[in-house]
Amino acid sequence: MWLQQRLKGLPGLLSSSWARRLLLLLALLLVAYWYLGAVRARRGAGRGAEPRGAAALCLQAATGAWRGQTERGDALPLPEEAAAGGAGGAPGPGLALAGNGYLLLDVAAARLWVAAAGSSGGPALATEYPALVRLRALGGRGEARAALAALRDGAVRRVRCVQTGPGAGAGDCVTVREEVVAHRSRPHLYLQRIRIANPTERVAAFEASAPASVPSLGGRFATSLEKVEERQFLLSSGRLLLAGSPKVVLMVVAAKKLVSRVQVAPKSHFDETVLSVVYTSEPIEVSRLEETFSKLRESAKKEMLEVMQMGVEDLLHEHQQTWSDLFISGVEMRKITDLHTPSSETVNMTLYYVLSTMPAPLLDPLISGEDREKMEASLNYADHCFSGHATMHAENLWPAKLTSVAQILQLSDLWKLTLQKRGCKGLVAAGVHGLMQGMVLSFGGLQFTENHLQFQADPDVLHNSYSLRGIHYNKDLINLAVLLDAEGKPFLHVSVKFQDKPVRLYACEAGCMNEPVELTSEARGHTFPVMVTQPITPLLYISTDLIHLQDLRHTLHLKAILAHEEHMAKQYPGLPFLFWFSVASLITLFHLFLFKLIYNEYCGPGAKPLFRSKVTVPDTALKC
């Protein structure tokens, strides 16, 4: 009966405009909730989902060592699309690059970018040459994949786990590991290492599309099989058109030949390393094609025979050692307290990709002794670099996301231009080694002067904790960190790693009012308080000249030297007195007004009695 009465009253309720609006809003919320739930379900079932089943268990075991590398900052996980590219399907939009300044490999798209001979603009020419071998599993039941950029090794690594059997265990999966490297000290060479492990009881088969075997090359590339000294490889020749120019750039690639079908027997492994050597010409007239092609082919053949005679492990070790030497320098973010400071992942990603587009002239065996000495001198003491404010918060120099090769090439050009305009031309001329040094100096606002190295960071942004390592000072390496104590107050930590015979280094904080401290190679390093001068001067000075630092205090002409917390208190003293006086006045007036209302209610003319009573009391008795 109760329900029937309520249902009879429903039409009257719906006749109200506010009720109809409320029901419409509830309906829209239900539709939105259903739609978002469906989108999440589709994403959970798609490629972006956490893989499940035997393939996922295999992938988890195969990439177990990656977690430690990522936590140490030695590697960066790449998007799943980067792992999917080259897996037999269409290339994904993920970005995974390996480069050496002359060659740049877009691993996800299996595309090669090259630099014209004699060009200083980096590998800015995109080619249609299919640079990498693609393996497509035959008869796979499911796959899981992952990719990683190994910063210290200068390589892109990919792992695929292909489920071949009906079981749910990792033993029913075949693991395919790939490593792509653009050799740092051999600028014309890149390698693709493939390892397939088949622990199952059945044969694992893959279809391989090798470089220079794709029919989409059309007429721009011609491929032939070369046999030299009982060795054979593929030799591809093609041309690259230049926009707005009648000239062309010629390219010749010598690549190791790979079978078109790979079969891995049960309980066995398959290992193969595809070596490729790339030579390009400078922009030439069409009339010089045959002559230039002939020279490029001879150069490619000669180097191909040389690297084929070397062991693959020796080539990889040579490359990894060079990249490891580069990452002696770097930036490490420890604690970030604002939204405008780049994360460690962003900093490492930017360093890796920008360095991948820069050549290494110091590693060129043909460089003259005079040029080498000049570059090394600039690298060891970059006078007047880096001038200006720190680049830590320059979001266009440390972008949170990089999505294309063109964007990375633009970023590299922007970095070179910025460093050149800030007194670092010598470092840019030194190639990848100098660029790494310039990027580290610029991040923290470090500058070399004629007699010392000074740390001129903005004292107002020292609430973040970070460290700069491998700063070249003559032949020694300096590590400088901005750290926070238990109360959140910043201080500076300096340590030195002597590369040659020990040299006396001294340091003093802002103003140099205290006696300079000699820096040693002790593991615990040295700490300095953050002092802020008026007017603002550098927070730290480092020099080999003790007398210079002692004299420096007399040449700064300071008005005051404050501790960092005192400086911040003056910079942000809080709200002005007038504001607090206005708030206090309003509160006082409000309470006076409230008191007046209460008084008029109970004690003023016509006031009501406080308590009701059956006994009649004269009105005058209730007056205050």
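The model is predicted, so local features need pLDDT of at least 70 and side-chain atom pairs count only at pLDDT 80 or more, while totals for chains, interfaces and linings use all residues. Residues are numbered from 1 along each chain as its sequence is written, and side-chain values use heavy atoms, with hydrogens and water left out.

Let's start with the sheet. It is open, with five strands in the order S17-S20-S21-S22-S25 and antiparallel pairing. Strands here are DSSP runs (E, at least two residues), as are helices (H or I, at least four residues), numbered from the N terminus; two strands pair if DSSP finds at least two bridges between them. At the edges sit S17 (330–335) and S25 (526–529), each pairing on one side only. From one strand to the next, the twist averages 20 degrees.

S17 pairs with S20 (residues 465–473) in the antiparallel sense, over five bridges. In this pair, lysine 335 stands opposite serine 465 of S20. Helix H13 (residues 432–444) packs on the sheet here and touches S17 and S20, where contact means heavy atoms within 4.5 Å. The direction of H13 makes about 135 degrees with that of S20. For such numbers, axes are lines fitted to C-alpha atoms (for helices, over the stretch in contact), and angles run from 0 to 180 degrees between N-to-C directions.

H13 has a helix partner too. Its axis and that of H11 (residues 405–421) come within 11 Å and cross at roughly 70 degrees. H11 and H13 are therefore roughly perpendicular to each other, the label for angles of 65 to 115 degrees. H11 brings Trp415, Lys416 and Leu419 to the contact, and H13 brings Leu435, Gly438, Met439 and Ser442. By class, that is four nonpolar, two polar and one charged residues. Ala, Val, Leu, Ile, Met, Phe, Trp, Tyr, Cys and Pro count as nonpolar, Asp, Glu, Lys and Arg as charged, and the others, Gly among them, as polar.

The structure holds one cavity of 30 Å³ or more, and the largest cavity has a volume of about 40 Å³. A cavity is a set of points on a 1 Å grid over the protein atoms alone where a 1.4 Å probe fits but cannot get out, and lining residues have an atom within 4 Å of a point. Volume is the space filled by probe spheres set on the points. S11 (204–209) and S6 (134–138) each give two or more residues to the lining of the largest cavity, with S11 giving the most, three residues. The lining divides into six nonpolar, three polar and no charged residues.

Technical notes
Angles under 35 degrees count as roughly parallel, over 145 as roughly antiparallel, 65 to 115 as roughly perpendicular and the rest as oblique. On a 1 Å grid over the protein atoms alone, a cavity is a set of points where a 1.4 Å probe fits but cannot get out, and a pocket is an open set with protein on both sides within 12 Å along at least five of seven lines; lining residues have an atom within 4 Å of a point.
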